[in-house]
Each structure stands twice: as structure tokens, then as C-alpha cells.
Amino acid sequence: MKARVHVMLKQGVLDPQGEAVRHALGAMGFDGVTSVRQGKVIELDLAEGTGEAAVREMCEKLLANTVIESYTIEMG
């Protein structure tokens with residue numbers, strides 16, 4: 001079984017990487033981009049029987065800094 005975890009900075013948290021990407025896109029002529037938020041995707045191969053609760057615990061303890069980041073989990 002696989003799980004995919006999407007981790008993003010929470011709204012209101014400064015995203016300097018996203019801002020750098022937005023600026024670079026503008027410099028390349030892509031003027032229609034007004035905001036960029038950059039995050040990460042973590043793909044996990046799970047042993048049979050590993051449930052979403054275990055993945056959530058992984059996120060809370062290691063995969064996401066829950067003070068400044070939010071995450072969503074896709075199982076399947």
C-alpha cells in the first residue's frame with residue numbers, strides 16, 4: 001500500500017522559496033503569477049495493515065513541522 005503526504009506552509013507563514021519562484025517567473029516573462037507557495041510531497045510504501053492513523057502519527061512526529069506546516073494524507 002502507498003501513502004502520499006502533502007506538506008505545505010500554513011497560510012500567514014512567510015514562504016521565501018515561493019516568493020523567489022514567483023519573482024523568477026516574473027523575470028522570465030510569466031507576469032500572470034501573483035503568488036507561489038512551495039511545499040513537498042512524501043511518498044511512503046507501507047506494509048500491509050499500516051493505516052492512516054499510523055501515517056498521521058508519522059506526520060505529527062517527523063514528516064511535518066506542525067507549528068508552521070499543515071499536511072494532507074492520500075491513502076491508496
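1. Let's start with K2. In this predicted model, K2 is partly exposed, with a relative accessible area of 46%. Its side chain meets that of D45 in a salt bridge, with 2.6 Å from N to O. K2 belongs to strand β1 and D45 to strand β2, so the pair ties together parts that are 43 residues apart in sequence. D45 itself is exposed, at a relative accessible area of 62%. If you are new to this kind of pairing, the idea is simple: side chains of opposite charge can pair when their charged atoms come close.

2. Stay with these two strands and look for R4 and E43. They form a salt bridge too, and their closest N and O atoms are 2.5 Å apart. Since R4 lies in strand β1 and E43 in strand β2, this pair ties together parts that are 39 residues apart in sequence. How accessible is R4? R4 is partly exposed, with a relative accessible area of 34%. E43 counts as exposed, at 53% relative accessibility.

3. Now move to helix α2, residues 52-63. Here the side chains of R56 and E52 meet in a salt bridge, 2.7 Å from N to O. R56 and E52 are four residues apart in helix α2, so about one helical turn separates them. Both partners are partly exposed: R56 has a relative accessible area of 37%, and E52 has one of 36%. How many salt bridges does a search of the whole structure find? It finds five, and the pairs K2 and D45, R4 and E43, and R56 and E52 are among them.

4. Next, please check the length of α2. The helix has 12 residues, yet its end C-alpha atoms are only 14 Å apart, which is short of the 16 Å that a straight helix would reach at 1.5 Å a residue. For α1, the picture is as expected: α1 has 12 residues and reaches 16 Å from its first C-alpha to its last, close to the 16 Å expected at 1.5 Å a residue.

5. Which residues of α2 are buried? They are V55, C59 and L63. Seen down the axis of α2, these buried residues fall within an arc of 50°, so they line one face of the helix. The face turned away from that buried side carries the exposed residues A53 and K61. What covers the buried residues of α2 includes the strands β1 (2-9), β2 (39-45) and β3 (69-75).

6. The largest nonpolar core has 12 residues, and V55, C59 and L63 are among them, together with others including A3, V5, V7, I42, L44 and I73. Each of β1, β2, α2 and β3 supplies at least two residues of this core.

7. D15 deserves a careful look. This residue is found in the loop between β1 and α1. D15 is buried yet has no salt bridge. Where is the nearest side chain of opposite charge? That side chain is R37, and it is 4.3 Å away. Setting aside residues up to four places away in sequence, D15 touches L9, V36, R37 and Q38.

8. G29 sits in the loop between α1 (16-27) and β2. Just after α1, G29 takes a positive phi of about 100°. Is G29 buried or partly exposed? G29 is partly exposed, with a relative accessible area of 48%. The C-alpha atoms of G29 and C59 are 30 residues apart along the chain and separated by 38 Å.

9. Finally, have a look at S70, which lies in strand β3. S70 is partly exposed, with a relative accessible area of 34%. Leaving aside its neighbours within four places in sequence, S70 is in contact with H6, V7, M8 and K10. S70 and Q11 are 59 residues apart in sequence, and their C-alpha atoms are 9.1 Å apart in space.

How values were computed. Residues are numbered from 1 along each chain as its sequence is written. This is a predicted model: local features need pLDDT of at least 70, side-chain atom pairs count only at pLDDT 80 or more; totals for chains, interfaces and linings use all residues. Side-chain values use heavy atoms; hydrogens and water are left out. The expected span of a helix is 1.5 Å times one less than its number of residues. Buried means under 20% relative accessible area, exposed over 50%, partly exposed in between (1.4 Å probe, protein chains only). The arc is that of the directions from the helix axis to the C-beta atoms. Contact means heavy atoms within 4.5 Å. Lys and Arg count as positive and Asp and Glu as negative; His and the chain ends are not counted. A salt bridge is a side-chain nitrogen of Lys or Arg within 4 Å of a carboxyl oxygen of Asp or Glu. A nonpolar core is a set of buried Ala, Val, Leu, Ile, Met, Phe, Trp, Tyr and Cys residues joined through side-chain atoms within 4.5 Å.
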